[in-house]
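Work through these exercises with the model open. Each task is followed by a stepwise solution.

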Amino acid sequence: MTDAPPTLEAPWPVALLANKIRGYIERLGTAWVEGEITQWGLSGGNVYGKLKDLSEDATVGFTVWSSVKARLSDEFKQGDRVIALVKPNYWVKGGTLTMQVFDLRHVGLGDMLERLERLRKQLAAEGLFATSRKKPLPFLPHCIGLVTGKDSDAEKDVIRNAQLRWPAVDFQLAYAAMQGDRSVAEVVAAIQRLDADPDVDVIIVARGGGDFQNLLGFSDERVLRAAAACNTPLVSAIGHEADRPLLDEVADLRASTPTDAAKRIVPDVSDELNRVQQARSRLSTRLTGILAAEVDRIGQLRSRPVLSSTAWIVDSRAEDLTRYVARGTELMERVVEASAGVVAELRSRLRTLSPQGTLDRGYAIVQVRDGHVLRAAADAPDGTRLRITLGTGTLAATAGPPAESTADPATDPATGPNTTTRTQ
């Protein structure tokens, strides 16, 4: 009855159809196929991945059980070009077709991976991956530019997590295709538009996970150079932790997921408030400690004997002042006494040497009419008017011939030899 063809009146059950499909597929047996691994994921020790044709747009899923994986001598990853011994396996319960891998061998790097490696080396030589050119992120961005797919999970994750951490943060959205032929041009245009916006403090390029092939747009040279030329700090949040497009190397910060990007860019308002409160508490504690220490130090200083009473300062200084005054008076008296003796001696010498002293001893000063002192008799011819100054008073006289004298000129001190004085 099961061999009868299905009709409208007698259709086959789904299980019968599924079993017949499995039977036909199992007859194919094993086959060696060549392709490029575009997805390689571990789960419970088993590997679930996808194998892509090298030239055509054809992809099949495959499974490597843990027992087979343990026998493989090489390590495999996305982008590897391989030859696999597979057998088609139809899962009746889920209605899916997959290839069960019995052996897997490397053929060499796939064309895509080779191109990426060449591009990686070229950009690294130009310095686009250098840490020194990476710009620091702002501590608290007021506006975040987001390049992502419209209504995508990545957009929702970034906005939700950022606003949960800091509700006041704003977003400037720039939608672009995250895969396909339009992806590269739209992502480049979105980055350039947000970079030209002066309100945008940081840019996030976010996409959910995907196959290696779907993420190739974020390793395109045009996207990488647009990111490198961006003056605004740029964060790459492409795929999951295992996804590493070249944009991660050029970006100023790599986030493992869109959610991680929001957490690393926007600080948590509650954490910041706690830090401020802790800083205030530490500052208050420190200031209180400093003030208490200074109060104690001032109290110790005031308790010392020298500061407990101020009278000792006046008393000790008064004794010093009395001693200094007495010493100063004594020194001054000595100076005055010595100076008085010097003055007396100088006065005596001055009196001895003064013209008045000479006059007091009996000498006289004879002056002619114009006031010149007469030093020789020849300077006063007869009839010259003279002025004679004595010890006390003055006399007027007229010069004349020497007077005759009976006295011995050699012994008479009044006249002396060859001297005549006539007075009036």
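**Exercise 1.** Find which strands each supply at least two residues of the lining of the largest cavity.

*Solution.* β4 (80–91) and β5 (96–109) do so; strands are DSSP runs of E, at least two residues, and helices are runs of H or I, at least four. This is a predicted model: local features need pLDDT of at least 70, side-chain atom pairs count only at pLDDT 80 or more, and totals for chains, interfaces and linings use all residues. Residues are numbered from 1 along each chain, and side-chain values use heavy atoms, without hydrogens and water.

Next, list the lining: Ile37, Leu51, Phe62, Val82, Ala84, Val101 and Leu104. By class, that gives 7 nonpolar, no polar and no charged residues.

**Exercise 2.** Locate the salt bridge of Arg225 and say how its partner is placed along the helix.

*Solution.* A salt bridge needs a side-chain nitrogen of Lys or Arg within 4 Å of a carboxyl oxygen of Asp or Glu. Arg225 meets Glu221 at 2.9 Å, N to O. The two are 4 residues apart in helix α6 (residues 221–228), so about one helical turn separates them. Arg225 is partly exposed at 30% relative accessible area; partly exposed lies between buried (under 20%) and exposed (over 50%), with a 1.4 Å probe and protein chains only. Glu221 is also partly exposed, at 31%.

**Exercise 3.** Describe the salt bridge between Arg297 and Glu294.

*Solution.* The N to O distance is 2.8 Å. Both residues lie in helix α9 (residues 269–303), 3 residues apart, about one turn. Arg297 is partly exposed at 45%, and Glu294 is partly exposed at 32%. Elsewhere, shared partners join Glu126, Glu221 and Arg225 into one salt-bridge network.

Notes. 1 Å grid on protein atoms, 1.4 Å probe; cavity = no way out; pocket = protein on both sides within 12 Å on 5 of 7 lines; lining within 4 Å. Nonpolar A, V, L, I, M, F, W, Y, C, P; charged D, E, K, R; others polar.
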